[in-house]
Number of protein chains: 2
Amino acid sequence: MARLGLIEEAVVLAEGKFSVFGAKTASCILRYAAESVVAVLDSTNAGRTAQDVIGFGGAIPIVSSVKESLQYKPKQLVIGIAPIGGGLPPEYRRIVVEAIKEGLDIVSGLHYILSDDEELYYLAQEHSVKLLDVRRPPDSLTVSSDEARFLPVFRVLTVGSDCSVGKMVVSYEIARFLRSRGINAQFCATGQTGIMLSGWGIAVDRVISDFVAGAAEALVKAVFDADIALVEGQGTVYHPAYSGVTLSLLHGSCPNVMILCHHLGRTHIKSYDVPIPPLKKIIHDYEYLSSFTHPSKVIGIGLNTVDSDEETAKTACKQIASELKLPVTDCIRFGPEPLANAVLEEYKRWKSLWKR
Amino acid sequence: MARLGLIEEAVVLAEGKFSVFGAKTASCILRYAAESVVAVLDSTNAGRTAQDVIGFGGAIPIVSSVKESLQYKPKQLVIGIAPIGGGLPPEYRRIVVEAIKEGLDIVSGLHYILSDDEELYYLAQEHSVKLLDVRRPPDSLTVSSDEARFLPVFRVLTVGSDCSVGKMVVSYEIARFLRSRGINAQFCATGQTGIMLSGWGIAVDRVISDFVAGAAEALVKAVFDADIALVEGQGTVYHPAYSGVTLSLLHGSCPNVMILCHHLGRTHIKSYDVPIPPLKKIIHDYEYLSSFTHPSKVIGIGLNTVDSDEETAKTACKQIASELKLPVTDCIRFGPEPLANAVLEEYKRWKSLWKR
């Protein structure tokens with residue numbers, strides 16, 4: 001799927017922040033589209049390789065400037081970090097300007113829309129380069145018509161106990177695994193990184209509130225003829241700021257089944273004083289909220305164990321699986337197979353009942 | 001409160017649609033700010049009075065054109081109807097252009113932002129008139145910081161069984177009633193009509209999804225020094241398209257108490273094939289969803305009985321009140337006093353516990 005994405009002969013910008021967590025977009029691109037990356041730009045790690053710093057990405061070199069990257073013949077600069085607020089700080093602007101002048105296309109997931117910036121717009125025209133703002137929502141969006149539930153594609157939504165727990169990774173990994181088994185499984189991106197990787201999608205956090213469910217509906221409609229749609233979830237219903245986005249995705253995409261994603265050991269909503277409930281209650285709540293418009297159930301848990309050692313991670317997966325009677329895996333560490341198989345089983349059952 | 005609003009010596013545009021339901025904004029302005037209206041523009045009802053057509057608004061004349069309205073010395077044209085899609089159809093544009101040329105300011109709640117329209121913008125400059133787009137969200141919005149729950153203002157949110165059941169009216173009526181009793185009660189508008197009436201607020205349906213809870217928080221922060229904030233709710237958690245907006249308002253405003261609004265006799269979400277649950281379940285659900293971030297309870301029911309005769313309306317209020325053990329009233333028909341008293345009682349209890 002990565003080969004259909006937007007990333008091509010790219011320098012990935014992660015200045016001062018290249019790490020698995022500090023640069024979520026950059027590290028996901030290295031994980032899933034390394035073959036499309038020629039260099040990483042981070043002067044604080046220059047001279048090392050991606051593998052040295054984040055543990056994957058192989059021999060991809062880390063360079064200190066756009067100029068230094070030119071020896072690797074890049075076509076693009078991909079902004080792989082998000083500054084707080086989503087703006088374009090002066091130090092990024094300087095790098096973007098330099099890249100445009102060197103003839104590189106710019107791929108950006110910033111809230112700040114580069115092609116709305118007059119200076120950058122005209123500079124890009126002058127140098128015949130493209131500014132790809134993946135966060136700009138399509139103009140065609142409208143309210144949901146509650147039609148997703150009638151589509152002949154089986155819909156799987158990732159839901160979470162919090163933000164940044166691995167919903168994109170779980171959806172992407174399951175889709176990739178199912179495709180490797182010959183199933184027409186389509187990843188439906190709802191955030192910037194997913195859009196860069198798959199080449200399409202809608203960054204729903206930029207969509208006006210009335211249209212978010214409509215955006216989710218549009219995504220699954222776009223793959224109505226696939227077997228399975230893996231919709232990337234966002235946020236959590238417990239989040240004081242983003243709960244509405246989560247509920248809009250749930251009601252707009254009308255999932256047949258859900259995968260619950262959780263970061264092992266996290267007890268509170270990131271940056272907020274709101275406790276995360278036990279997994280059993282979370283499962284109940286998502287199923288209950290689904291029932292408002294379309295019944296759905298949680299059929300597995302994607303457990304992010306990045307902070308734990310191998311033994312702890314294995315024990316946690318086993319223990320949660322036995323407690324909840326559901327398949328549990330860390331898709332990165334142990335692979336997505338248990339979740340992909342659960343999806344496939346439910347898909348087959350649904351398919352056998354589906355009257356076209 | 002209406003005197004602090006945006007409406008002043010206004011011609012209210014309701015061409016072809018002047019009725020209580022066909023022109024919600026126009027009829028609310030006639031109901032709450034009639035003293036600021038000089039004429040209604042609807043050629044299909046020209047020659048009659050507001051009272052003749054909608055049953056209130058007294059002798060305010062209905063005219064057939066901007067030109068005809070000039071005899072009443074208007075200062076503004078207020079767009080009192082919303083075409084499907086929220087755009088500016090040619091027939092409205094013609095009227096707006098004529099009004100600008102006659103020197104009238106334009107007050108618009110359309111999704112289509114008039115001041116972003118080059119022709120209208122320059123025409124308005126040429127004729128020194130203002131274009132007031134009440135639906136344009138402020139640039140300063142950001143994500144919620146979950147601080148509303150710590151504010152020293154008592155927060156009341158209207159929630160609903162559906163859209164268009166009377167949430168704005170109930171919030172507005174309670175605020176007005178409490179003010180008449182010397183309480184500093186502030187109406188916090190979240191939709192175009194409320195903003196026109198009160199002169200401030202945020203049309204949350206235009207806000208990008210990540211910032212809706214933040215917008216609700218900003219509204220209650222703006223009145224932190226009042227006694228009571230009456231926050232206008234939007235949509236319903238059962239709505240396939242708008243449920244996320246509703247949840248964002250709930251979690252962003254952190255209401256101490258809620259008033260549930262319902263349209264007597266409505267069985268399904270308007271325009272959708274989704275049944276409305278029994279009131280008892282609706283109350284449970286809003287209280288349950290509140291508990292995710294901040295506990296709250298429903299303390300009364302605003303029943304919209306506009307389609308029923310007096311006797312049916314009275315019986316329904318009594319019956320629901322006895323079933324749910326909560327005060328029930330139709331604020332328009334029977335006045336808001338039962339709900340206002342319930343709010344006041346809860347406010348006093350809360351105040352006595354509040355440690356500043």
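Two strands are said to pair if DSSP finds at least two bridges between them, and strands themselves (E, at least two residues), like helices (H or I, at least four), are DSSP runs numbered from the N terminus. With these terms in hand, we can look at strand β7 (residues 154-160) of chain B, which pairs in the parallel sense with strand β10 (residues 257-263) of chain B over five bridges. Within this pair, B:Leu157 stands opposite B:Met258 in β10(B).

This is a predicted model, in which local features need pLDDT of at least 70 and side-chain atom pairs count only at pLDDT 80 or more, while totals for chains, interfaces and linings use all residues. Residues are numbered from 1 along each chain as its sequence is written, and chains are lettered from A and ligands numbered from 1 in the order in which they are written.

The two strands belong to an open sheet of six strands in chain B, which follow one another in the order β8-β9-β7-β10-β11-β12 with parallel pairing. At the edges of the sheet stand β8 (185-188) and β12 (328-329) of chain B, each with a single partner strand, so one side of each is left without a neighbour in the sheet. Helix α6 (residues 167-180) of chain B packs on this sheet and touches β7, β8, β9 (228-231), β10 and β11 (297-304) of chain B, where touching rests on contact, that is, C-beta atoms, placed from the backbone, that lie within 7 Å. The direction of α6(B) makes about 160 degrees with that of β8(B); such angles run from 0 to 180 degrees between N-to-C directions, with axes fitted as lines to C-alpha atoms, for helices over the stretch in contact.

Turning to chain A, we find 12 helices and 12 strands. With 356 residues, a compact globule would have a radius of gyration near 21 Å, and chain A agrees with this at 20 Å; the radius is taken over C-alpha atoms, and the globule rule is 2.2 Å times the number of residues to the power 0.38. Of the contacts in chain A with a separation of 6 or more, 72% are made by residues 24 or more positions apart.

Buried residues make up 53% of the 356 residues in chain A, a residue being buried if 20 or more other C-beta atoms lie within 10 Å of its own, exposed if 12 or fewer, and partly exposed in between, with C-beta atoms placed from the backbone. Helix α6 (residues 167-180) of chain A is mostly covered, since 11 of its 14 residues are buried, including A:Tyr172, A:Ile174 and A:Phe177. Just after α6(A), A:Gly182 takes a positive phi of about 85 degrees.

Most residues other than glycine have a negative phi. A:Glu9, however, has a positive phi of about 45 degrees although it is not a glycine, and this residue lies in the segment before β1 (10-13) of chain A. A:Glu9 is partly exposed, with 15 other C-beta atoms within 10 Å.

Finally, the chains meet: 28 residues of chain A are in contact with 28 residues of chain B. On the side of chain A that touches chain B, α8 (212-222) and α9 (243-253) of chain A each supply at least two residues, and the largest share, six residues, comes from α9(A). The residues of this side of chain A divide into 16 nonpolar, eight polar and four charged, where Ala, Val, Leu, Ile, Met, Phe, Trp, Tyr, Cys and Pro count as nonpolar, Asp, Glu, Lys and Arg as charged, and the others, Gly among them, as polar.

Methods:
Two residues are in contact if their C-beta atoms, placed from the backbone, lie within 7 Å.
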